[in-house]
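Dear colleague,

I am pleased to hand over the structure that follows. Please look through it first; my findings are set out below it.

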Amino acid sequence: MIAADVADELVAAARRARQQAYAPYSDFTVGAAVLCADGRIFGGCNVENASFGATVCAERVALFSAVAGGCREVEAIAIAGPGGEPLPPCGICRQVLVELAPGADVIMAGDECTRTTTVAELMPEAFGSGELRGRG
Ligand code: THU
């Protein structure tokens with residue numbers, strides 16, 4: 001688990017990123033922040049679309065931004081959504097976390113409480129690159 005002060009910093013970055021959310025259809029604003037092994041932090045927010053299926057969640061925006069910035073090892077991701085309770089990542093984002101951040105801590109921040117878990121706990125028996133290899 002990452003240190004408490006680092007987790008606090010990451011949650012603050014996720015809350016800042018949330019302020020950029022483009023969510024005119026749901027009005028459900030979400031922010032995320034990814035901590036890379038080299039110490040860099042990449043933020044992301046949800047970006048919606050009139051063609052709803054084209055919407056991208058905050059977690060994936062942050063993860064893809066980190067990859068585009070050259071990050072290949074993610075230590076942790078913080079997620080900040082509306083309401084007091086921690087916001088869990090959706091199923092598609094969990095699959096992307098398995099791909100890009102399999103060893104990461106996941107810090108889910110609500111206004112009133114925060115819960116920390118891991119990608120492995122959120123996505124047991126995941127389909128990943130190991131399944132593609134050796135079964136072709
Ligand atoms: N959303 C996220 O950004 N992350 C989540 O973990 C759950 C859902 C976004 C997608 C959409 O813009 C809005 O929240 C409502 O689903």
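In which loop is asparagine 46 found? Asparagine 46 belongs to the loop between β2 and α2. Please bear in mind throughout that this is a predicted model.

Asparagine 46 and its contacts

Asparagine 46 counts as buried, because its relative accessibility is 6% and the cut-off for buried is under 20%. Its side chain makes two contacts with the backbone that I would point out. The side chain of asparagine 46 reaches the backbone oxygen of phenylalanine 28 at 2.8 Å. A polar atom of that side chain also lies 3.0 Å from the backbone nitrogen of valine 30.

The ligand and its surroundings

For glutamate 48, an N or O atom of the side chain is 2.5 Å from an oxygen atom of the ligand; for glutamate 59, the corresponding distance is 2.6 Å. Alanine 58 contributes through its backbone, with an N or O atom 3.0 Å from a ligand oxygen atom. On its own the ligand has 370 Å² of accessible area, of which the protein covers 79%.

The aromatic pair

The structure holds one aromatic pair. Tyrosine 25 and phenylalanine 52 form it, in a tilted arrangement with 5.7 Å centre to centre and 50 degrees between the planes. The two residues are 27 residues apart, and the pair links distant parts of the chain. Tyrosine 25 sits in the loop between α1 (4-18) and β1 (31-36), whereas phenylalanine 52 sits in the loop between β2 (41-45) and α2 (58-68). Are these two residues buried or exposed? Tyrosine 25 is partly exposed, with a relative accessible area of 44%. Phenylalanine 52 has a relative accessible area of 59% and is therefore exposed, the cut-off being over 50%.

The hairpin

Strands β4 (residues 105-109) and β5 (residues 114-118) run antiparallel and are joined by five bridges. They form a hairpin, with four residues between them. Within this arrangement, aspartate 105 stands opposite threonine 118 in β5.

Yours sincerely

Methods: Residues numbered from 1 in each chain as written. Predicted model: local features only at pLDDT ≥ 70, side-chain atom pairs only at ≥ 80, totals over all residues. Heavy atoms only, no water. Polar contact = N/O pair within 3.5 Å; in protein donor to acceptor, adjacent residues only side chain to side chain. Areas by Shrake-Rupley, 256 points an atom, 1.4 Å probe, with all protein chains shown as cover. Phe/Tyr/Trp six-rings, centres within 6.5 Å; stacked < 30°, edge-to-face > 60°. Buried < 20%, exposed > 50% of the residue type's maximum accessible area, 1.4 Å probe, protein only. Pairing = 2+ DSSP bridges.
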